[in-house]
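I opened a new structure today and kept notes as I went. The entries follow the order in which I looked things up.

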Amino acid sequence: MFGFWSDTGQIYMAGSVLDSDPLLCRLCTWHYIYVAVVESEEWESGSIFSFPHVEMATPEGHEANGNERNSGADDPDRARLRELGYKQELKRGLSVVSNFAFSFAIISVLTGVTTTYNTGLRYGGPASATLGWVVVTAMNGCIALAMAEICSAYPTSGGLYYWSARLTGEDWAPLASWMTGWFNIVGQWAGTTSVDFSLAQLLQVIILLSTGGANGGGYLASKYMVLGFHGGILLLHGMINSLPVTWLSIFGQIGALWNMLGVFAFVILIPIVATEKASFKFVFTHFNTDNGEGIHNKLYIFVLGLLMSQYSMAGYDASAHMTEETKNADRSGSIGIITAVSLSSIFGWAYLIAITFAVTNIPYLLDSNNDAGGYAIAEIFYLIFKERYGSGAGGIVCLGVVAVAIFFCGVSLVTSNSRMAYAFSRDGAMPFSAVWYSVNKQEVPVNAVWLSVVLAFCMALTLQSKIRFEHFL
């Protein structure tokens, strides 16, 4: 049997002897360092990633860390990871609740609905938002169930790209996993960019409303200040993600709890505070075709409106990326995915319906000349409190609650990004893989963390206008 080590020291591929030549297929790239000959009569034919029956030696310069040395040989998580072709290098200290919390905090319906509600209102309006959520929820439910089943079979930090390799077969594995991996990791970096830039823009709106609003002489931070906010937020997220995973678990659980309590509070508060409410018929049947883009086809408008719901329900693959740090990974990762999607679907719809009942004038909410500068949900919160109490201060506090939720969402996103980058580089699929694959003494892939932070900042350099950012989302 033939296998080989990547430049990161991980043995991950093997093949059989065909006409005296080794059949070598690499996971994500087609170059390799050197070939090690391993004899095993128990090799499973067709398996292209793991050496399930071979105790893998560690190459020079890649000594096993404390977690690997001290793990018992009968640890089922460690044994299963070894069967899949990898050794335990990250600290396995997360519970099923922590695993769920990462995905739930990343989905963060307070983040997704708030930052993209303008899209829902513009393309289809209330009907597209409330009924479109049901459509997207049904689709995501099917995807989540499928992902959960695969995750239980292959609980690795690589997640989707590793699954692609195992499910497509030996011939197509390199191409399928390479494409899946790069789409996944670039999408994750872009996701971090959008979330943290959304927080920076929300801070801009909070400052604007706190100083009098656009029509009251309020201060509008420049695009360069917004970029500075974005950089500062990313810096904080990088510092937090450099902490041990036990600390990250706390942040993830706080983020999940904050989202739940925030939605509960808004669902109760908005109907009580709002002096004027939309009708049930308006919320569920009114279809807005006045989008200002010259688009008149209702089906196309409805599909565009679904972008709000789909953006809000993204990121639950985080549970898969965290499985190498989760106890009982084959079970916990699956539970994390299904639970996060199920609860987010319910909480998101409740928040969406509550906020839509406060919508009475769509053109005004989307007008850049309103007090919030055209930020629909910010204007809704500001107006309902101002109309009820004569001051929009309560609405600004509500926006602060959303801002905290977005912050926690960004923390968990960087965590997920870094684990994906760690796994992808472990398989030699990224430039300078040995750098991003390394872990520190706390068993954290800290280089991958800061790679995600830097790239998320670089991506934001192109988002210096509202139009560009909406297209980016």
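**Entry 1: Phe381 and the cores.** I began with the contacts of Phe381, where contact means heavy atoms within 4.5 Å. Leaving aside neighbours within four places in sequence, I found Phe381 in contact with Phe266, Ile270, Tyr351, Ile355, Gly395, Cys398 and Leu399. I then looked up the largest nonpolar core, which has 98 residues. I took a nonpolar core as a set of buried Ala, Val, Leu, Ile, Met, Phe, Trp, Tyr and Cys residues joined through side-chain atoms within 4.5 Å. For burial I used relative accessible area: buried is under 20%, exposed is over 50%, and partly exposed is in between (1.4 Å probe, protein chains only). Tyr117, Tyr351, Phe381 and Ile384 touch the most other members of this core. H16 gives the most to this core, with 14 residues. Another core, of seven residues, lies apart from it and includes Leu94, Phe102, Leu248 and Val411.

**Entry 2: what kind of model this is.** I noted that this is a predicted model, in which local features need pLDDT of at least 70, side-chain atom pairs count only at pLDDT 80 or more, and totals for chains, interfaces and linings use all residues. Residues are numbered from 1 along each chain as its sequence is written, and side-chain values use heavy atoms, with hydrogens and water left out.

**Entry 3: confidence.** I checked pLDDT, the predictor's confidence in each residue, from 0 to 100. The chain has a mean pLDDT of 84, and 82% of its residues reach 70 or more. Which elements have the lowest and the highest mean pLDDT? Strand S3 (residues 17–18) has the lowest, at 28, and helix H8 (residues 223–240) has the highest, at 96. Over residues 1–72, pLDDT stays under 50. The model has 178 contacts beyond four places in sequence for residues 1–72. Where pLDDT is low, the predicted coordinates should not be read in detail.

**Entry 4: the whole chain.** I counted 19 helices and five strands. These are DSSP runs, numbered from the N terminus: helices are H or I with at least four residues, and strands are E with at least two. The chain has 473 residues, and buried residues make up 56% of them. Among contacts with a separation of 6 or more, 78% join residues 24 or more positions apart.

**Entry 5: the largest pocket.** I looked for pockets on a 1 Å grid over the protein atoms alone; a pocket is an open set of points where a 1.4 Å probe fits, with protein on both sides within 12 Å along at least five of seven lines. About 710 Å³ of space lies in the largest pocket. That volume is the space filled by probe spheres set on the points, which are joined across faces, edges and corners. The lining has 32 residues, and Gly187, Gly191, Tyr311, Ala314 and Gly315 are the closest to the pocket's centre. A lining residue has an atom within 4 Å of a point. Helices H3 (96–107), H5 (125–153), H7 (173–210), H11 (298–312) and H16 (393–426) each give two or more residues to the lining. H7 gives the most, with nine residues. By class, I noted 18 nonpolar, 13 polar and one charged residues. Here Ala, Val, Leu, Ile, Met, Phe, Trp, Tyr, Cys and Pro count as nonpolar, Asp, Glu, Lys and Arg as charged, and the others, Gly among them, as polar.

**Entry 6: two positive phi values.** Asn328 lies in the loop between helix H12 (318–321) and helix H13 (329–356). Its phi is near 50°, a positive value in a residue other than glycine. Asn328 counts as partly exposed because its relative accessibility is 48%. Phe432 is in the loop between H16 and helix H17 (433–437). Phe432 also is not a glycine, and its phi is positive, about 60°. Is Phe432 buried or exposed? Phe432 counts as exposed, at 65% relative accessibility.

**Entry 7: single residues.** Ile346 is in helix H13. Ile346 is exposed because its relative accessible area is 58%. Its C-alpha atom is separated by 9.8 Å from that of Val109, 237 residues apart along the chain. Ala265 is in helix H9 (residues 245–273) and is partly exposed, at 38% relative accessibility. Ala265 and Cys398 are 133 residues apart in sequence, and 9.4 Å apart from C-alpha to C-alpha. Thr211 sits in the loop between H7 and H8. Not counting residues up to four places away in sequence, Thr211 touches Gly216, Gly217, Gly218 and Tyr219.
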